[in-house]
Amino acid sequence: MSQDVSSIADAMKQAVPYVKTTGIEFEEVSASRIVASLPDDPTLHNHIGGPHAAMMFGLGESASGAVVMAAFAAHLGKATPLAVRAEIAYKKIAMGVLRAEAVLGRSTDEILAELESGARPEFPVAVTITNAEGVTTGEMVVVWTLKPAR
């Protein structure tokens, strides 16, 4: 499947005000993997001077949403992507700029086949959050679905 996913970063900033408000940037974009970053902004910090846990969650969820948008951009007329549930593990104290790598957990062809069969597919997106030194500060799984258009 070949599709142009280069506009996903701009689309996320337009469609999701949180992305623009927090300053999340999309560094790498493909239909199966996204790398996003959160700046080291004091207005996003917690009581110990690093990104608030909510900011880490938001970065991970935004990265997962971007990979879903990239994977299914050509099919958004048929279905709406929705987050179903998410789980995050905070592994180390996070400080400074954070990066989130989100990877689609199933093939788009498999997910689309399930949608075409009349089912409402669920699929995971795994997210690894790291600091500037590459140390994992958080791990997250967001389960998404494609809700068929009516």
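Is Lys 91 buried, partly exposed or exposed, and what is its relative accessible area?

A: Lys 91 is partly exposed, with a relative accessible area of 46%; buried means under 20%, exposed over 50%, and partly exposed in between, with a 1.4 Å probe and protein chains only. The model is predicted, so local features need pLDDT of at least 70 and side-chain atom pairs count only at pLDDT 80 or more, while totals for chains, interfaces and linings use all residues. Residues are numbered from 1 along each chain as its sequence is written, and side-chain values use heavy atoms, with hydrogens and water left out.

Lys 91 forms a salt bridge with Glu 139, and the closest N and O atoms are 3.6 Å apart. A salt bridge is a side-chain nitrogen of Lys or Arg within 4 Å of a carboxyl oxygen of Asp or Glu. This pair links distant parts of the chain: Lys 91 is in the loop between E3 and E4, and Glu 139 is in strand E6, 48 residues apart. Helices (H or I, at least four residues) and strands (E, at least two) are DSSP runs numbered from the N terminus. Glu 139 counts as partly exposed, at 37% relative accessibility.

The loop between strand E3 (79–90) and E4 also holds Ile 93. Ile 93 is exposed because its relative accessible area is 59%. Together with Ile 48 and Met 95, Ile 93 makes a nonpolar surface patch of about 280 Å². Patches are made of residues with over 30% relative accessible area and no salt bridge; like charges are joined within 9 Å, and nonpolar side chains (Val, Leu, Ile, Met, Phe, Trp, Tyr) within 5 Å. The areas come from the Shrake-Rupley method with a 1.4 Å probe, and for residues only the protein chains shown count as cover.

The count of salt bridges comes to ten. In one of them, the side chains of Arg 99 and Glu 28 meet at 3.9 Å, N to O. Here, too, distant parts of the chain are linked, with Arg 99 in strand E4 and Glu 28 in strand E1 (residues 25–29), 71 residues apart. Arg 99 counts as partly exposed at 33% relative accessibility, and Glu 28 likewise at 34%. Both belong to a network of salt bridges that links Glu 27, Glu 28, Arg 33, Arg 99 and Glu 101.

Glu 27 also takes part in a polar contact of 2.9 Å between its side chain and that of Ser 37. A polar contact is a pair of N or O atoms within 3.5 Å; within protein, one must be able to donate a hydrogen and the other to accept it, and residues adjacent in sequence count only if both atoms are side-chain atoms. Ser 37 has its place in strand E2 and counts as buried at 9% relative accessibility.

Strand E6, which holds Glu 139, is also the place of Thr 145. Thr 145 is buried, with a relative accessible area of 3%, and its side chain makes a polar contact with the side chain of Arg 120 (3.4 Å).

Finally, the largest nonpolar core has 37 residues, and those with the most contacts inside it are Phe 26, Leu 59, Phe 72, Phe 123 and Val 125. Such a core is a set of buried Ala, Val, Leu, Ile, Met, Phe, Trp, Tyr and Cys residues joined through side-chain atoms within 4.5 Å. H3 gives the most to this core, with ten residues.
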